[in-house]
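Me: I have a model open and would like to learn how to read its features one at a time. Could you walk me through it?

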Amino acid sequence: MSDGRRADARRNYARILAVAEEEVAAHGSGASLEQIARTANVGSATVRRHFPTRRALLEAVSANRIAALCARAVELTGEDDSRKALLTWLDEVVAYCVSARGLAAALAYDGPLEHENSCSAAIEEAGDPLVRRAARDGVVSRDVTVADLITLIVGIVLATEHYPDPAAQADRLFRLAVAGLSPQA
C-alpha cells in the first residue's frame, strides 16, 4: 500500500530517519541536521522537507520507543498494586529517556502549549489510566497528572545526561523525587 509519496521520497525518508536515529543516539537532540543530510546522501532541503522542524525529526526518531512505552502502560494498567504499576512504568520511562538520547527532548514542552507534541500526547494518553487509578487508590495526590510526571522526568534526564553514569544519577534523583525529602520512618 502506498502512502502517496514517490518511491524515491519514501527511500529518502527511510534513509534520513535511519541516519537521524544514529546521529541522535550519538549526539542527542542537538544532532546536526546538515550532518544527517550529508550522511544520508541527500540535500539539507530534503531533510527539511521531510522533517520541517527539529521536533518533527525527534518525534519520528522516538516513535518506536514511545509506542513501546505506551504499550507497556496498557499492560501495567491491570496490575493489582496501582502504585507499583505506576512506578514501574515511570521507571521504564526514565530508563528509556536516559538510554535513548533525544527522547527526553522529544517529550519536553519547549514551545507554546497549544503546539501539539505527538510524543507527549501519546505518553499522556497511555499513562493517564495508571495515574487516575493510583489517585483513586489514594497512593498519589489527585492533582498529579501524567504531564507533571513527564515534566519531572524530562528535567531529571536532561540535568543528568552529562554525568559519568547518567542512568544511575537519573534513577537516584527520580527515587528522591518519589520518596520526598524526609527520611523514611
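This is a predicted model: local features need pLDDT of at least 70, side-chain atom pairs count only at pLDDT 80 or more; totals for chains, interfaces and linings use all residues.

Me: Where is N41, and what is its phi near?

Reply: Most residues other than glycine have a negative phi. N41 has a phi near 60 degrees, a positive value in a residue other than glycine. N41 sits in the loop between α2 and α3.

Me: How many helices and strands are there in the protein chain?

Reply: Helices (H or I, at least four residues) and strands (E, at least two) are DSSP runs, numbered from the N terminus. By that rule the protein chain has nine helices and zero strands. Of its 185 residues, 38% count as buried.

Me: Which residues of helix α2 are buried?

Reply: An α-helix has 3.6 residues a turn, so residues three or four places apart point the same way. In α2 (residues 33-40), the buried residues are L33, I36, A37 and A40. Looking down the axis of α2, they fall within an arc of 100 degrees (taken from the directions from the helix axis to the C-beta atoms), so they line one face of the helix. Their cover includes α1, α3 (44-50) and α4, where contact means heavy atoms within 4.5 Å.

Me: At what angle do the axes of α1 and α4 cross?

Reply: Axes are lines fitted to C-alpha atoms, for helices over the stretch in contact, and angles run from 0 to 180 degrees between N-to-C directions. Those of α1 (residues 7-27) and α4 come within 10 Å and cross at roughly 85 degrees. Angles under 35 degrees count as roughly parallel, over 145 as roughly antiparallel, 65 to 115 as roughly perpendicular and the rest as oblique. That makes α1 roughly perpendicular to α4. On the α1 side the contact is made by Y13, L17, A20, E21 and V24, and on the α4 side by L57, L58, A60 and V61.

Me: Which residues touch the most other members of the largest nonpolar core?

Reply: A nonpolar core is a set of buried Ala, Val, Leu, Ile, Met, Phe, Trp, Tyr and Cys residues joined through side-chain atoms within 4.5 Å. The largest one has 32 residues, and L86, W89, L90, L107, I123, I150 and I153 touch the most other members. Two or more residues each come from α4 (54-76), α5 (82-99), α6 (103-107), α7 (118-136), α8 (146-160) and α9 (166-179). The largest share, nine residues, belongs to α5. Not counting residues up to four places away in sequence, I153 touches L90, V93, V94, C97 and F174. A second, separate core of 18 residues includes L17, A31, I36 and A37.

Me: Does V74 count as buried or exposed?

Reply: V74 lies in helix α4 and is exposed, with a relative accessible area of 61%. V74 and L130 are 56 residues apart in sequence and 8.4 Å apart in space, C-alpha to C-alpha.

Terms used: Residues are numbered from 1 along each chain as its sequence is written. Side-chain values use heavy atoms; hydrogens and water are left out. Buried means under 20% relative accessible area, exposed over 50%, partly exposed in between (1.4 Å probe, protein chains only).
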